[in-house]
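Hi,

Here is the structure I promised to pass on.

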Amino acid sequence: MQKWTNDLATASQVDILLFDDFSGHCLANTVEPMRAANTLAGRELYRWRFLSLNSSRVVSSSGMEVTAHAQLADCRGDMLAVMPSYNFLRHDTPETRRALRAAAMRYSELAGLDTGPWLLAAAGLLDGRRATIHWDELERLAEAYPDIDVQRSRYVLDGNRITCTGALAAFDLMLERIGIAHGQALRLEVAALFMSTEGSGPTPESMLARTKVVARAVGVMQAHVEEPLSIPEIARQIGRSRKDLEARMKSDLGATPAKVYRRLRLIQARKLILETDIGISEVATRTGYENPSALTRAFRVEFGTTPRALRAPTS
């Protein structure tokens, strides 16, 4: 069963090894969830650095220049994410292989993002593991490295090796990592921050929850923040019994539907408090609370402060 909250986890050092022609989209989808997690938690959960093998400047496929904080040989940490993206084969050199094998001794986990798994495989760091890669390269990876169990998955976690297929999968992967380390409440909150409520297209289910049934239930909750539904009605709308929904949500998110629903409403309340100047009474109305007192009580329990105290520094 997943943990709903975990306030005891320590900060993680995540280093991202960039090569020329890396994907800016993949980089942003790796870093922004960590930045959001720090902001929402109100403390440093993640630290990150941009690394290179031997230069101070790395240029993305779109011409964006990134100044490396350090060289890989000088660093160690909790996770190293390898991100070559385009033209990755030209980075598969004896120097890269040696550097990655040495880094495996200094980092608790190694991750290959986009085409990064190829460089890990070439260094012998995925032998006997399950792994994936950008789907354009799946067959070539399987043929070149038969000792790897290559899988057509968005991302694969196998012990202290992590592989993922590209930019969109990188975002899902980071959400998963946030949930594992810091609880599903924060994972859900980070996902909600990046979701658009204005688009007409389908919402990626993996952003809301880890399974489709729970994702649909959370989607119904998000659509009924101002006028909350009963849990039996939510279960009915997704074609499940209340008992089944309770069991699935506890397994997926580590909390009851009522607790998840309350968190979603209070996330919206906090957003309105921080980003608008509407009164607390109106915030209460827009998030399904009968009056400001009811909102304040729930808000204090969930976030350890009150709506007015949260707004005070900017008023």
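Helices here are DSSP runs of H or I with at least four residues, strands are runs of E with at least two, and both are numbered from the N terminus.

Before you go further, please keep in mind that this is a predicted model: local features need pLDDT of at least 70, side-chain atom pairs count only at pLDDT 80 or more, and totals for chains, interfaces and linings use all residues. Residues are numbered from 1 along each chain as its sequence is written, and side-chain values use heavy atoms, with hydrogens and water left out.

**Where α11 meets α13**

How do the axes of α11 and α13 cross? They come within 10 Å and cross at roughly 100 degrees, α13 being the helix of residues 292-303 (axes are lines fitted to C-alpha atoms, for helices over the stretch in contact, and angles run from 0 to 180 degrees between N-to-C directions). That makes α11 roughly perpendicular to α13, a label for angles of 65 to 115 degrees. On the α11 side the contact is made by R262, R263, L266, I267, A269, R270 and I273, and on the α13 side by L295, A298, F299, E302 and F303 (contact means heavy atoms within 4.5 Å). These residues divide into eight nonpolar, no polar and four charged; Ala, Val, Leu, Ile, Met, Phe, Trp, Tyr, Cys and Pro count as nonpolar, Asp, Glu, Lys and Arg as charged, and the others, Gly among them, as polar.

I267 is worth a click. This residue lies in α11 (residues 257-275) and counts as buried at 13% relative accessibility. Leaving aside residues up to four places away in sequence, I267 touches E189 and F303.

**Salt bridges**

How many salt bridges does a search of the whole structure find? The total is 20, where a salt bridge is a side-chain nitrogen of Lys or Arg within 4 Å of a carboxyl oxygen of Asp or Glu. Here are a few to look up:

- E189, R262, R263, R270 and E302 are linked in a network of salt bridges.
- K271 pairs with E275, with the closest N and O atoms 3.1 Å apart. The two are four residues apart in α11, so about one helical turn separates them. K271 is partly exposed at 38%, and E275 is exposed at 54%.
- D158 pairs with R130 at 3.9 Å between the closest N and O atoms. This links distant parts of the chain, 28 residues apart: D158 sits in strand β10 (155-158) and R130 in strand β8 (130-131). D158 is buried at 17%, while R130 is partly exposed at 32%.
- E65 and R57 meet through their side chains, at 3.1 Å from N to O. E65 is exposed at 53%, and R57 is partly exposed at 44%.

Cheers

Definitions and conventions:
Buried < 20%, exposed > 50% of the residue type's maximum accessible area, 1.4 Å probe, protein only. Parallel < 35°, antiparallel > 145°, perpendicular 65-115°, else oblique.
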